[in-house]
Amino acid sequence: MFETLKPQPEDKIIKLIGMYREDPRSEKLDLGVGVYKDENGKTPVMRAVKKAEAQLLAAQDSKSYVGLLGNLDFVDAMRELVLGDAVSAARISGAQTPGGTGAIRQLFELIQMASPDATVWISDPSWPNHEAILKHLGMKIRKYRYFDDATCQVDFDGMKADLDGVAAGDVVLLHGCCHNPTGANLSLEQWAEVTDLVLAKSVTPFIDFAYQGFGDGLDADAEGVRLMAGKVPEMMIAASCSKNFGLYRDRVGVALVMSAESAVPLTKGALASLNRVNFSFPPDHGATVTAMILADADLRADWMAELEEMRLNMLELRQGLADALRRETNSDRFDFVADHRGMFSRLGLTVEQVDQLREEFGVYMVGDSRFNVAGLPKDGLEKLAKAIASVL
Ligand code: LMR
């Protein structure tokens, strides 16, 4: 039977990981997949995670199943981290999922269960896996303009014009902060305008929230999401702990659904059933570690301090690269790198220029010229800027 399989389209981010690994050059530079790295090029286990894991190892006396919705302390702590007190907890249904991607997948399936004909609108560009999962599920997809290649800022007029075409009952997927792949984010005023549009058109917002704490700070990054949550009747959020807790491989995520209180029992039942048919119980370890950190004042303070160090480090690298590019290109063409937020920006290079950077200089970035800020070498910004300038 397996001879009938067709080759699957490769995810361009995952493909890049393999190409980088196979490159024998010692001078190579990985600016591909969105993984935080410190100045030694290491992706650290965060201090609070190490401490919580040690406590868990000492205290855990069973590995028996927890429940289909996962660790409910984790789910509730994540609700609070994401939404603060913007909405009453009684209106939220939540399920622990394997990573943020797991949450996206479960929520897309929830949309299918609730409204099989709904179209999901995603930004153009967006994280490639949004489109891949929607296609895999056979769901209807539309794209709205988001990024102006000329200014490297949000094309808000284009976005509004395209979203004017949504139909009641459609779903609009937004990036909560740190837009992936562009790094260009909606201002709070723009969030307010999109909220008005969501209300006027009776569509449901879906927030992909994978980088809370990587942009302007834990609460600042959630401002737009909270503003919208305070006004709209329904909302879905897929939140990830891969980046802000550094728990990438442990697969820690949560699917949150905001609805009328009366719809909560049905929603929780649907989320539990989706977990059951897809993988039964979500993986416990990372979620329990996260719940322990968020519940303990000392661990939480230490986690927040380390997350803040990471955020500031990325901002410093952004500024450093923008300065170096200004010198090397004798222009302000790349100044936007310092203004963008989160792990990524797109340099606005052609595929050929991206290929040339990889082939000649061993610099790996995604074909649309998205680069991972955290992969930038603090002591090699000048050299990188020279390489970039040389392919222009
Ligand atoms: C990325 O965009 O690089 C990250 O979200 C990792 C991934 O799974 O693609």
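**Figure 1. How much of the protein chain is buried.** Of the 392 residues in the protein chain, 54% are buried, where buried means under 20% relative accessible area, exposed means over 50%, and partly exposed lies in between (1.4 Å probe, protein chains only). Please keep in mind that this is a predicted model, in which local features need pLDDT of at least 70 and side-chain atom pairs count only at pLDDT 80 or more, while totals for chains, interfaces and linings use all residues. Residues are numbered from 1 along each chain as its sequence is written, and side-chain values use heavy atoms, with hydrogens and water left out.

**Figure 2. The whole fold.** You can find 14 helices and 13 strands in the protein chain; helices (H or I, at least four residues) and strands (E, at least two) are DSSP runs, numbered from the N terminus. The radius of gyration is 21 Å, close to the 21 Å that the globule rule gives for 392 residues, so the chain is as compact as a globular protein of that length. Here the radius is taken over C-alpha atoms, and the globule rule is 2.2 Å times the number of residues to the power 0.38. The C-alpha trace spans about 60 × 55 × 55 Å along its principal axes. Among contacts with a separation of 6 or more, 75% join residues 24 or more positions apart; contact means heavy atoms within 4.5 Å.

Figure 3. How many of the 11 residues of helix 10 are buried? Eight of them are, and the helix is mostly covered. The buried residues include Gly286, Ala287, Val289 and Leu294. They pack against helix 2 (47–59), helix 3, strand 2 (92–97) and helix 11 (297–329). Leaving out residues up to four places away in sequence, Thr290 touches Phe74, Met78, Cys241, Phe245, Leu247 and Val252.

Figure 4. Pro283 sits between helix 9 (264–278) and helix 10 (285–295). With 34% relative accessibility, Pro283 counts as partly exposed. Beyond its neighbours within four places in sequence, Pro283 is in contact with Gln96, Pro98, Asp250 and Arg251. Val354 is 71 residues from Pro283 in sequence, and their C-alpha atoms are 37 Å apart in space.

**Figure 5. Salt bridges.** Side chains of opposite charge can pair when their charged atoms come close. The structure holds 26 salt bridges, each one a side-chain nitrogen of Lys or Arg within 4 Å of a carboxyl oxygen of Asp or Glu. Asp76 and Arg79 make one of them, with their closest N and O atoms 2.8 Å apart. Why are Asp76 and Arg79 separated by about one helical turn? They are three residues apart in helix 3 (residues 72–83). Asp76 is partly exposed at 39% relative accessibility, whereas Arg79 is buried at 13%. Another pair is Arg226 and Asp219, whose closest N and O atoms are 3.0 Å apart; Arg226 is buried, with a relative accessible area of 18%. Glu359 and Arg358 also meet in a salt bridge, at 4.0 Å from N to O. Glu359 is exposed at 55%, while Arg358 is buried at 14%.

Figure 6. Most residues other than glycine have a negative phi, and most peptide bonds are trans. Which two residues does the cis peptide bond with omega of about 10° join? They are Asp124 and Pro125, and Pro125 is in the loop between strand 3 (119–124) and helix 5 (128–136). A cis peptide bond also joins Asn180 and Pro181, with omega about 20°; Pro181 is in the loop between strand 7 (171–175) and helix 7 (188–201). Cys152 is not a glycine, yet has a positive phi of about 60°. Cys152 lies in the loop between strand 5 (147–148) and strand 6 (153–154), and is buried, with a relative accessible area of 6%. Arg251, likewise not a glycine, has a positive phi of about 55°. The loop that holds Arg251 runs between strand 9 (235–240) and strand 10 (253–258), and Arg251 counts as partly exposed at 30% relative accessibility.
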